[in-house]
Amino acid sequence: MNAIAPVGISPSAFLDRGDVKGHATRQKAADYLRTVGLPRAGVEAWKYTSLRALADVPFAEARRDVDAGAVDTLLAEVETISGLGAGASRAVFVNGRFDAGRSRLPDGVKVAAFDPARELRDGIDPAGDVTTALNTVLADDGLALVVPAGVDAGCLLLVSIGLAGEDAPVSFHPQHRIVVEEGGRLAMLDAAVGRGYYLHNPLYDITVEEGGYLSHARIQAEGKKALHLAVSHARVASRGVYDSFTLTLGASLSRHEVHAGLNAAGASVHVNGAQLLADHQHGDLTSVITHAAPDCISRQTVKNVLADHARGVFQGKIHVERIAQKTDGYQMNQALLLSDTAEIDAKPELEIYADDVKCSHGATVGALDDDQLFYLRSRGIPNEAARSILIRAFLHDVVDQIDDARLKDSLNLAVEAWWKREVA
Amino acid sequence: MPAVAETRKTVETLGQNTYKWGFETDIEMDIAPKGLNEDTIRLISSRKNEPEWLLEWRLKAYRSWLEMREPTWAKVHYPPIDYQDVHYYAAPRKKPGPKSLEEVDPELLRTYEKLGIPLHEQAMLAGVELPEGEEARPPVAVDAVFDSVSVATTFRKTLQEAGVIFCPISEAVQEHPELVRKYLGSVVPVTDNFYAALNAAVFTDGSFVFVPKGVRCPMELSTYFRINARNTGQFERTLIIVEDGASVSYLEGCTAPMRDENQLHAAVVELVAMEDASIKYSTVQNWYPGDENGKGGIYNFVTKRGACRGARSKISWTQVETGSAITWKYPSCILQGEGSVGEFYSVAVTNNHQQADTGTKMIHIGRNTRSTIIAKTISAGQSDSTYRGLVRMMPKASGSRNFTQCDSLLIGDRCGAHTVPYIENRNMSARVEHEATTSKISEDQLFYCRQRGLSEEDAVGLIVNGFCKDVLKELPMEFAVEAQKLLQISLEGSVG
């Protein structure tokens, strides 16, 4: 009774399709959805986020013939939010499908067409969680990009545009695979926007090989009625760096789950993020960082700014395996409540099996500091302006941790735009 | 790293003889047949000569227990427990009261001796009546729970003069039914959780404390719990009520004889603090932890909760947990009264194959409530230790504050230390701060001590004691000394 039953795209009907028939991995994920289904109340990983909103929605397959004018308007919106103009290289997906006409891929990378028969890479369990399973069964398109060894592929804008009616919910499940080979570099800005009632369920299958570098910043600015369930599976090899950032602004209900594995000595990951939520929005950032090799570094700073009736959730686990001696792990989680009806639920978690490690986490939750406000007011700054300075300083602190200057600028712009729209 | 190598070696040599309290008293017991059903509960109730309402309360708890499932969210692993394979009632057989210590069962006396109870207290515990006017005045009143029946309560007279009621809960049911009926289950409802429901259905004894308005309890109250007979679960229930402006400090010590089979212990402790009242509840728990192969040991599934009902009331939990094969325990505070204060100070030490999942819950309901959590976790051998704590700010908890600090120390590379805080805030002006660290004993600190001529064992002892200082200093004097000794005994094998 808990299983997801999207009418137009029921897993069983989808799996009858010629090109995916008999695909064992998809079948395994479908079995998981059928037997386990949506997480029950009391499932620890979903303690603070309920997917009941999805249970009986008759999601249909997203339309291919969308209004070109609307797509261009939304694309222009992305350009404004990100500051990355028409000149930047980009991969555009409309309702989960690659739009070759609007895309312009960077030089030097290898891009392949999505192959429905392909397998998830090793280490991703198709039946590990509902977000991964749902994507595994229904993935129909996605970016398949390889940055060859030693190539600096510059900056790529990955755009997702969702377009649906207000009363006819659709869903799309793109599966992106990004591989950065030895010593390769890529900065990827990933922006999701849209209008109407839809479920966007992307999966990011990320591999950073030896000495590779991937900066992955996400701006989730989906439509107000949208549902967003994203999952990233990142695997980082020796001396590789995966610098990720999730900025959550949109959707009525969203969750981004990040599974980052540090698989060889000297790897490092950053799983940072900020959630700026208002109205009745619910945003969940959940991460599991697994130190599976010695001498790896992980850093995590997550900030929430919550207004109105918004609810922010942060669940971050740092798992240090027995072998992972000399691990350096740090995690910080902060939340600012701007109203008495907003709520934050945080669960930072350390799970440590090696003794020679340096792991710590901190969390603070509260309102704006009265002393700081007073300091600014006493210098003649009006109340609203003072609040604005403090909130933006709070956010700047985390956006500033993005390593790539281009992505940092884009994110700062997006935060400013949100600020102007929602608060000012 | 020589320290690690040596630690590993000494962990391996740690034998079961290090469990100082592993003795067994061979005295005649009155035991109910194994198994749990309504008849068992009726038997317990009738043996205790309980009023009808209490039997009904127990049966209600039993019926809801049947519907409940054992919680699985804690990071502890153990084979399934057969709840029908346990004796739910065991009592020392009633004999006419002894006239002097010579008439007391020598086994029982030896137990007390090993527990370190002074002779005059032993006499009182064994129910020996002293001649008129010869009441000794040690500073601690003891209510010893020997398996299911409280053997004796000392210093009742001094307490009575102050208006304090301190007696076995079974006696309180007979003599103060209105108090028991009013407060029993009011902090931990019978349906609260699987183990609390089980306890409500079958609890056999425990302590009852009532401190009336404005009374400062004249002495520290203390209880020893011992699990003695084979295959009996210990289900004691403690209820402490402190009225307006009154205060009490309560000490609980637990030891259990050495057993091969795992024994079940599911206690419930309820505290009620009214306006301006304060309760300090200290525990030193050293139930048998099992041997070096993880065989035997106590399963300790305990529900402890205090309600700060009145304004400016205060409840402070301090625990030193070194025993039990499995610990599942979260002493909590419900901060209802405006300006009420909750505190939780904990040291949890696990060694060999012990598993502990312990922490606290601070539920802030009233305005300007404050809570402090200091938890120190030490893991050695192949043990796993988890701090799991919840801080919840309810919408009306304006101006409330919490500060949490959790530090874990790993000794050796085969153990695990985990920290799982839950932070839930629904009030803008409430502030929650949490910090946690995990590390091993620093080589620098060790080197510093060694250089000054301390042996490695002493150096580690010193560092561990320093690591726990913030918590140990919260313990009452009598316990602080015992706790320090206990820390050393628990880590003896593991740190060289």
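In the predicted model, the secondary structure of chain B amounts to 13 helices and 24 strands. Chain B has 496 residues, of which 57% count as buried, and among its contacts between residues at least 6 apart in sequence, 84% join residues at least 24 apart.

Two packed helices are described by the angle between their axes and the distance between the axes. For helix H3 (residues 52-67) and helix H9 (residues 194-202) of chain B, the axes come within 7 Å and cross at roughly 145 degrees, and the crossing of H3(B) past H9(B) is left-handed. On the side of H3(B), the contact involves Trp57(B), Arg58(B), Ala61(B), Tyr62(B), Ser64(B) and Trp65(B), which meet Phe194(B), Ala197(B), Leu198(B), Ala200(B) and Ala201(B) of H9(B). By class, this contact comprises 9 nonpolar, 1 polar and 1 charged residues.

The buried residues of H8(A) are Leu407(A), Ser410(A), Leu411(A), Ala414(A), Val415(A) and Trp418(A); because they cover an arc of only 135 degrees around the axis, they lie on the same side of H8(A). An α-helix has 3.6 residues a turn, so residues three or four places apart point the same way. The buried residues of H8(A) pack against helix H4 (68-82), helix H7 (383-399) and strands S9 (185-195), S12 (213-221), S14 (241-248) and S16 (268-277) of chain A, whereas the face turned away from the buried side of H8(A) carries the exposed residues Ala405(A) and Lys420(A).

Notes: Residues are numbered from 1 along each chain as its sequence is written. Chains are lettered from A and ligands numbered from 1 in the order in which they are written. This is a predicted model: local features need pLDDT of at least 70, side-chain atom pairs count only at pLDDT 80 or more; totals for chains, interfaces and linings use all residues. A residue is buried if 20 or more other C-beta atoms lie within 10 Å of its own, exposed if 12 or fewer, and partly exposed in between; C-beta atoms are placed from the backbone. Helices (H or I, at least four residues) and strands (E, at least two) are DSSP runs, numbered from the N terminus. The arc is that of the directions from the helix axis to the C-beta atoms. Two residues are in contact if their C-beta atoms, placed from the backbone, lie within 7 Å. Axes are lines fitted to C-alpha atoms, for helices over the stretch in contact, and angles run from 0 to 180 degrees between N-to-C directions. A crossing is left-handed if the near helix is turned anticlockwise from the far one by less than a right angle, and right-handed if clockwise. Ala, Val, Leu, Ile, Met, Phe, Trp, Tyr, Cys and Pro count as nonpolar, Asp, Glu, Lys and Arg as charged, and the others, Gly among them, as polar.
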